[in-house]
Amino acid sequence: MSQRPVVERLHSIGGEPLVLVPGLNCTGTLFAPQIRALSGKRTVTVAENRLDDTLEGMARRLLAAAPERFALGGLSMGGYVALAVMRLAPERVTRLALLDTTARPDTEEASANRRRLIALAEQGRFEEVHPVLWQRLVARRRLADKLLEGEVRRMMVETGAQAFIRQQRAIMARPDARPDLPLITVPTLVLVGEEDEITLPSVAEEMATAIPASSLVVVPGCGHLSTMERPDAVNAALAAWLQRN
């Protein structure tokens, strides 16, 4: 399967450019509802995050392809990449959206689980990764949603085993970004699903408290994949964020 371009250009309308960074095992489909809602007034691009095995590598690839100044949003691993961009080139980011993510480093338990999933992928058993991850990706009531699950599974297949392994290694090696949060001065949205089991609402509150120009949005009835589970609520929060001074 051929890789996507470094940054896939989806719309070119004008207005403040927006770069979105998907999470682990995710593609631009993760943000499809947001792209439809927001791209009428701005250029929206989805960053390539499958080619590097470090967050810094992903961030540098994003910066090389992005406009000189842009709004930046990332979900889960995409949030880790966004925070790496803020460490490398904060002057280029006009505003920041951190969706269902954390500034904390990986715990040993989480890293051990990642190593087990990497082993499955390396053994040619990548299809066994999805059912393990799916149980924690969405709110409990959405676990039986076959349409949503099908979209998530297709993103995994498009990502592929080798990219998944690179992404997991990058995630495990991420630094503790909490000391950097008070240095973020641009308008920042911190958003989390109320039922997110991977990056808890308490972790989102921790980030919002530490970032001076931040607002916190907790989406009810929603798990980790907020952009797909509750797109209208996320779209409204992003639209308000894009209008903030």
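This is a predicted model: local features need pLDDT of at least 70, side-chain atom pairs count only at pLDDT 80 or more; totals for chains, interfaces and linings use all residues.
## Cysteines

The model has zero disulfides. The closest cysteine sulfur to that of Cys26 belongs to Cys222 and lies 13 Å away, which is too far for a bond. A disulfide would need the two sulfur atoms within 2.5 Å. Cys222 is likewise in no disulfide, its nearest cysteine sulfur being that of Cys26 at 13 Å.

## Positive phi at Asn25

Most residues other than glycine have a negative phi. Asn25 is not a glycine, yet its phi is positive, near 65 degrees.

Asn25 sits in the loop that runs between β2 (18–21) and α1 (32–38). Its relative accessible area is 5%, so Asn25 counts as buried.

## Positive phi at Ser76

Ser76 is another residue that is not a glycine and has a positive phi, in this case about 55 degrees. The loop that holds Ser76 lies between β4 (70–75) and α3 (77–88).

Where does Ser76 stand, buried or exposed? With a relative accessible area of 11%, Ser76 is buried.

How values were computed: Residues are numbered from 1 along each chain as its sequence is written. Side-chain values use heavy atoms; hydrogens and water are left out. Helices (H or I, at least four residues) and strands (E, at least two) are DSSP runs, numbered from the N terminus. Buried means under 20% relative accessible area, exposed over 50%, partly exposed in between (1.4 Å probe, protein chains only).
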